[in-house]
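Here is a short note to go with the coordinates. The points below take the secondary structure and its packing in turn.

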Amino acid sequence: MPELMQALKGWESTLFSFGLIFAAFMVGLILYGFLFHFLERAAGLGWFFTDRRMVDRWVAPVRIILPLVMIVMVAPFLTFHQEIKVVLTHIFTLSFIVSGTWLLINTIDGLQTIVLARYDIMAQDNLRARAVHTKVNVLVKILLVVITVIAFAIALMTFERIKQFGVSILASAGIIGIIAGIAAQRSIANFIAGIQIALSQPIRIDDVVIVEGEWGIIEEITLTYVVVKIWDLRRMVVPIIYFLEKPFQNWTRMSSSLLGTVYIHTDYTIPVEELREELQRLVKTSSFWNEEVCVLHVTDAKERSLELRAIVSANNAGHMWELRCYVRENMIRFIRLNYPECLPRLRAELEPKEVFETKDPKLKGKPKPPEMGPTF
């Protein structure tokens with residue numbers, strides 16, 4: 001009989017513990033429901049942390065975190081065997097660390113989305129937007145790496161065996177770290193270069209650059225490499241340290257606006273003033289011109305032609321390319337239709353050869369033979 005009573009008592013104790021876990025789980029779900037009901041109602045108030053994009057990223061991790069918090073709070077009152085209790089507490093703690101890290105990462109992702117949405121990188125004058133996008137993207141990548149490493153370290157610290165052998169593990173880790181550091185010097189240099197570029201910003205997202213003789217646009221900046229989108233849709237992947245160690249051209253470093261040149265070669269008889277008027281008329285009819293610069297100069301006078309240089313301005317590299325092609329095509333068309341005689345041409349003047357008079361009918365009208373020197 002005493003054994004049966006002990007068994008019943010043990011069964012009731014186990015049932016009580018499972019009931020307590022279930023009750024804590026349900027309380028967590030109820031709190032989750034109340035919390036997100038409030039956030040849904042507050043979404044229209046314009047508060048930063050009630051933004052729909054932020055709330056959507058909180059749903060999944062909070063649905064796990066709140067029940068886990070409630071279970072961890074009631075864990076000391078569970079009547080399981082001590083070993084089982086320790087194992088369950090450890091599992092709940094690890095789950096809380098993982099879900100908390102998930103929540104933090106989603107929060108950073110939501111903040112990144114909200115901040116970048118305020119800066120339109122597709123705008124014509126997007127210098128400020130490109131600077132913000134570059135800085136935020138690189139710093140977010142750094143934060144995610146740091147958070148992941150810290151969370152992994154905290155999770156490892158929950159294991160007793162690791163604590164017991166901590167000295168030997170740290171010594172081994174130190175040796176391995178030294179070896180890995182020597183082997184990964186280039187990667188560490190790239191990582192530090194990524195931080196430098198995020199702060200000093202010699203390049204930004206959507207900058208127009210010339211790298212290794214290729215014209216392209218900065219498409220992506222990571223902690224270790226940069227992706228340059230070449231004009232013909234190829235992608236050049238460049239180590240990020242390249243932009244700190246080697247010279248390159250950045251056409252949009254200070255402003256997204258650009259100046260473009262169009263060279264035209266004509267005859268000396270071309271009326272330059274009329275070409276200037278035509279250039280003004282052409283750019284005013286183009287949607288690619290930003291109404292800032294439009295000039296035409298005679299930049300060189302060669303032995304066979306004049307060199308004319310038209311300088312025009314546009315808000316970005318794409319518009320500049322289209323404007324240059326438009327000006328070049330229509331200026332040549334204007335010259336061909338109105339002044340075809342002013343196109344570049346090669347002049348040659350032919351003089352009649354001297355004809356000598358002779359009484360010999362066979363030689364009459366023939367060119368005069370070259371004079372011969374005295375013969376000895």
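This is a predicted model: local features need pLDDT of at least 70, side-chain atom pairs count only at pLDDT 80 or more; totals for chains, interfaces and linings use all residues.

1. S6 belongs to an open sheet of 3 strands, ordered S6-S8-S7, with antiparallel pairing. The edges are taken by S6 and by strand S7 (294-301); each has a single partner strand, so one side of each lacks a neighbour in the sheet. From one strand to the next the twist averages 25 degrees.

2. The pairing within this sheet can be given strand by strand. S6 is joined to strand S8 (residues 306-314) by 9 bridges in the antiparallel sense. Opposite Thr 261 stands Ile 311 of S8. Between S7 and S8 there are 7 bridges, again in the antiparallel sense. Ala 301 has Leu 306 in S8 as its bridge partner.

3. Two helices should be read together with the sheet. Helix H10 (residues 317-338) packs on the sheet and touches S6 and S8. The direction of H10 makes about 20 degrees with that of S6. Helix H9 (residues 272-284) lies across S7 and S8, and runs at about 145 degrees to S7.

4. Strand S1 (residues 208-211) and strand S2 (residues 214-221) run antiparallel and are joined by 4 bridges. Val 208 has Ile 217 in S2 as its bridge partner. The hairpin of S1 and S2 has 2 residues between the strands, and in this hairpin Glu 212 takes a positive phi near 55 degrees.

5. S2 also pairs with strand S3 (residues 225-230): 5 bridges join the two, which run antiparallel. Here Ile 218 has Val 228 of S3 as its bridge partner. The hairpin from S2 to S3 passes through 3 residues.

6. How do the axes of helix H3 and helix H4 cross, and within what distance do they come? Helix H3 spans residues 82-117 and helix H4 spans residues 127-156; their axes come within 10 Å and cross at roughly 175 degrees. H3 is therefore roughly antiparallel to H4, the cut-off for that term being an angle over 145 degrees. By class, the contact has 16 nonpolar, 5 polar and no charged residues.

7. The residues that make up this helix contact are as follows. From H3 come Leu 94, Ile 97, Thr 101, Leu 104, Ile 105, Ile 108, Gln 112, Val 115 and Leu 116. They meet residues of H4 including Val 132, His 133, Val 136, Asn 137, Val 140, Leu 143 and Leu 144. Also on the H4 side are Ile 147, Thr 148, Ala 151, Ile 154 and Ala 155.

8. Is Thr 107 buried or exposed? Thr 107 is located in helix H3. Its relative accessibility is 14%, so Thr 107 counts as buried, the limit for that term being under 20%. Leaving aside residues up to four places away in sequence, Thr 107 touches Met 54 and Trp 58.

9. Leu 199, in helix H7 (residues 185-200), has a relative accessibility of 59% and so counts as exposed. The limit for exposed is over 50%. The C-alpha atoms of Leu 199 and Val 138 are separated by 9.3 Å, with the two residues 61 apart along the chain.

10. The structure holds 4 aromatic pairs. One of them is the edge-to-face pair of Tyr 242 and Phe 243, at 5.5 Å centre to centre and with 80 degrees between the planes. Tyr 242 and Phe 243 are both buried. Together with Phe 248, Tyr 242 and Phe 243 form one aromatic cluster.

11. Phe 334 and Tyr 339 form an aromatic pair that is edge-to-face, at 6.1 Å centre to centre and with 65 degrees between the planes. Phe 334 is buried, as is Tyr 339.

Technical notes: Residues are numbered from 1 along each chain as its sequence is written. Side-chain values use heavy atoms; hydrogens and water are left out. Two strands pair if DSSP finds at least two bridges between them. Axes are lines fitted to C-alpha atoms, for helices over the stretch in contact, and angles run from 0 to 180 degrees between N-to-C directions. Angles under 35 degrees count as roughly parallel, over 145 as roughly antiparallel, 65 to 115 as roughly perpendicular and the rest as oblique. Contact means heavy atoms within 4.5 Å. Ala, Val, Leu, Ile, Met, Phe, Trp, Tyr, Cys and Pro count as nonpolar, Asp, Glu, Lys and Arg as charged, and the others, Gly among them, as polar. Rings of Phe, Tyr and Trp (its six-membered ring) pair if their centres lie within 6.5 Å; planes under 30 degrees apart count as stacked, over 60 as edge-to-face and the rest as tilted. Buried means under 20% relative accessible area, exposed over 50%, partly exposed in between (1.4 Å probe, protein chains only).
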